[in-house]
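Have the viewer open while you read.

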Amino acid sequence: MEYGMRDAFTVRDLFGVPHFEDAALLGGDAGLDVPISRVNVMEVPDVVDWVRPGEFLMTTGYPFKEDPNALVTLIAQLKQKGVVALGIKTKRFLDAVPEAAIRAADQYGIPLIELPPATTFSDVVREVMERVLVAESRDLSILQGRVQRLSHVLLHGDGLPAFLNHLQLMIKHPVALLDPENRWTASPAAEDWCVQINEEAWSGLRGEPMAETQFLRMGERQLRVHVTAVSDDGPRSFLLLIIEDGSNYGPVDALTVTWAGRLLGFEISNMQARKTIEAKYFDQFLQDWISGRVVSSVDLRLRAEACGWPLERGAAYVIGVAAMRSVKADVKKLQAIAKRLNDESALYKNAVKWTVLEGALVVLLTFRHEQGEAGVPERLIRQAWDMLQAALTGEAEALCLGREAVGTGAVPNSYKDARRAAEVRSVCRLSDTVVRFGDLGLYLLLYRLQGSDELEVYKRMYLQPLLELDTRQSGALLSTLRTYFQCNCNAKETAERMFVHYNTVNYRLERIRSELGLRLDDPETKLMLQLALKLEEIQELN
């Protein structure tokens with residue numbers, strides 16, 4: 001397949017036109033290979049306001065007959081406007097072109113051409129434009145073929161990498177597509193460049209206003225990059241990048257890239273629309289599964305496959321519920337967060353999936369047990385917690401996990417456990433960032449007993465005397481007793497942990513025995529007192 005391009009009609013080609021046989025190049029030879037796209041004639045001083053990029057401009061010199069040196073300023077202005085060459089017919093109004101104008105032409109790289117006095121501008125315009133149009137018709141034919149081939153790649157579902165590869169073959173330059181998060185997809189020749197460019201450099205391409213041609217510093221080398229915004233999303237749009245790598249980047253290449261950007265814009269819009277629909281169906285599937293609305297295991301697997309997420313055989317699952325500072329969170333805000341987290345979860349190979357259920361942010365963790373491993377892998381829990389913290393800055397308090405679900409059918413039970421763990425955590429004021437249902441122990445028992453007559457009797461028998469005793473002793477006795485039990489009833493270790501003398505600990509324990517009339521070495525007594533201490537921690541229940 002031939003992806004080459006024909007040469008455009010350039011300033012140098014002017015000297016092959018019959019009317020230019022006696023023309024002379026006075027200066028600015030650095031611009032001889034610049035393409036000409038149109039011809040214009042200037043006979044008024046303010047013509048600079050009307051010129052267009054790519055123009056070859058001709059004049060009799062009439063506007064400068066009183067001040068020939070004004071040409072110096074004009075040449076600088078024409079350079080800014082993108083004019084590619086200036087032809088001046090001498091002898092009639094100007095005897096000769098000033099040396100200062102010739103030096104300006106060399107400085108700005110604009111060819112300055114002295115035209116013979118007999119030059120007829122209308123003939124020049126006709127002949128030059130004929131050649132320009134012939135060259136452009138060839139270029140348009142090449143462009144049409146390129147656009148058709150690129151469209152074919154997208155219509156047949158070959159994907160963005162294949163599209164970028166075809167574009168690279170056409171324009172002979174490395175090509176990359178930068179998404180709004182500065183993740184790149186590159187043609188083969190661009191991959192080596194892209195891996196060496198850091199996040200700061202990528203972000204620098206999104207300047208305001210964004211320049212079409214920019215430079216990227218890579219080590220000792222500076223790369224010229226042509227930037228095309230693919231979507232109209234402001235500074236967070238997709239960017240099509242062409243890395244100029246030595247060979248010529250001509251007008252047909254620029255037009256090809258413009259059309260490639262439009263085609264990519266259509267494709268990315270379609271991809272995003274499909275992604276939104278798929279995410280909606282997947283979210284509904286996830287909610288139905290976790291809440292237990294999918295009864296049949298066959299239906300569950302079919303729906304999972306339809307959502308593009310086939311369930312792994314032998315996988316285990318755990319549900320987590322996010323505990324937040326706000327009692328009532330904005331559901332729409334949580335749904336947006338869940339969507340963003342699911343986009344990020346691709347980094348974890350679909351092991352972490354998020355949704356919103358009953359006003360809470362819920363996560364499904366999928367894993368396989370390695371040999372000798374039990375329970376949910378800590379790395380997976382850490383991934384979920386880190387994602388949650390990043391998404392809910394300052395709002396995430398804990399991740400409450402249900403028990404492990406072996407098989408898809410047990411997932412709803414894990415969700416119920418996670419909800420209960422979140423409730424117990426809130427009521428019992430647990431401070432851990434990860435709360436596991438299986439580790440709640442006495443807290444789960446005390447939570448279930450809240451409001452019962454038996455618990456109220458228990459509080460009066462054991463908790464109230466402890467609180468009254470501690471009030472008389474300025475709070476030292478309860479903290480000593482709690483630390484004593486934490487140290488497995490070791491008085492010496494208790495003293496070290498509390499930074500007090502060993503005799504002080506023994507004195508306080510003796511006061512407790514005396515005031516309560518209980519033996520602290522009796523197993524049942526220790527259990528009752530430990531329960532009372534737990535109740536003291538959660539006595540101000542909602």
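## H4 against H7

Keep in mind that this is a predicted model. Start with helix H4 (residues 160–171) and helix H7 (residues 251–291): their axes come within 11 Å and cross at roughly 175 degrees. Angles over 145 degrees count as roughly antiparallel, so H4 is roughly antiparallel to H7.

Who touches whom? On the H4 side you'll find Leu 160, Phe 163, Leu 167, Met 170 and Ile 171. Their partners in H7 are Asp 253, Thr 256, Val 257, Ala 260, Leu 263, Leu 264, Glu 267 and Met 271. Sort the residues of this contact by type and you get 10 nonpolar, one polar and two charged.

## H7 against H8

H7 also packs with helix H8 (residues 297–306), at an angle of about 160 degrees and with the axes 10 Å apart. That makes H7 roughly antiparallel to H8, and the crossing is left-handed.

Here Gln 284, Phe 285, Asp 288 and Trp 289 in H7 meet Leu 300, Arg 303 and Ala 304 in H8. The contact splits into four nonpolar residues, one polar and two charged.

## Domains

Zooming out, the chain is divided into domain 1 (11–133), domain 2 (140–269), domain 3 (312–446) and domain 4 (450–537). Taken over C-alpha atoms, the centres of domain 2 and domain 3 are 40 Å apart.

UniProt, in an unreviewed entry, lists residues 13–131 as "domain: Purine catabolism PurC-like". Over residues 13–131 the chain is 28% helix and 18% strand, and the end C-alpha atoms sit 9 Å apart.

How values were computed:
Residues are numbered from 1 along each chain as its sequence is written. This is a predicted model: local features need pLDDT of at least 70, side-chain atom pairs count only at pLDDT 80 or more; totals for chains, interfaces and linings use all residues. Side-chain values use heavy atoms; hydrogens and water are left out. Axes are lines fitted to C-alpha atoms, for helices over the stretch in contact, and angles run from 0 to 180 degrees between N-to-C directions. Helices (H or I, at least four residues) and strands (E, at least two) are DSSP runs, numbered from the N terminus. Angles under 35 degrees count as roughly parallel, over 145 as roughly antiparallel, 65 to 115 as roughly perpendicular and the rest as oblique. Contact means heavy atoms within 4.5 Å. Ala, Val, Leu, Ile, Met, Phe, Trp, Tyr, Cys and Pro count as nonpolar, Asp, Glu, Lys and Arg as charged, and the others, Gly among them, as polar. UniProt positions are given in the numbering used here, feature names are shortened, and annotations may be inferred rather than shown by experiment. Domain bounds come from an automatic or database domain assignment. A crossing is left-handed if the near helix is turned anticlockwise from the far one by less than a right angle, and right-handed if clockwise.
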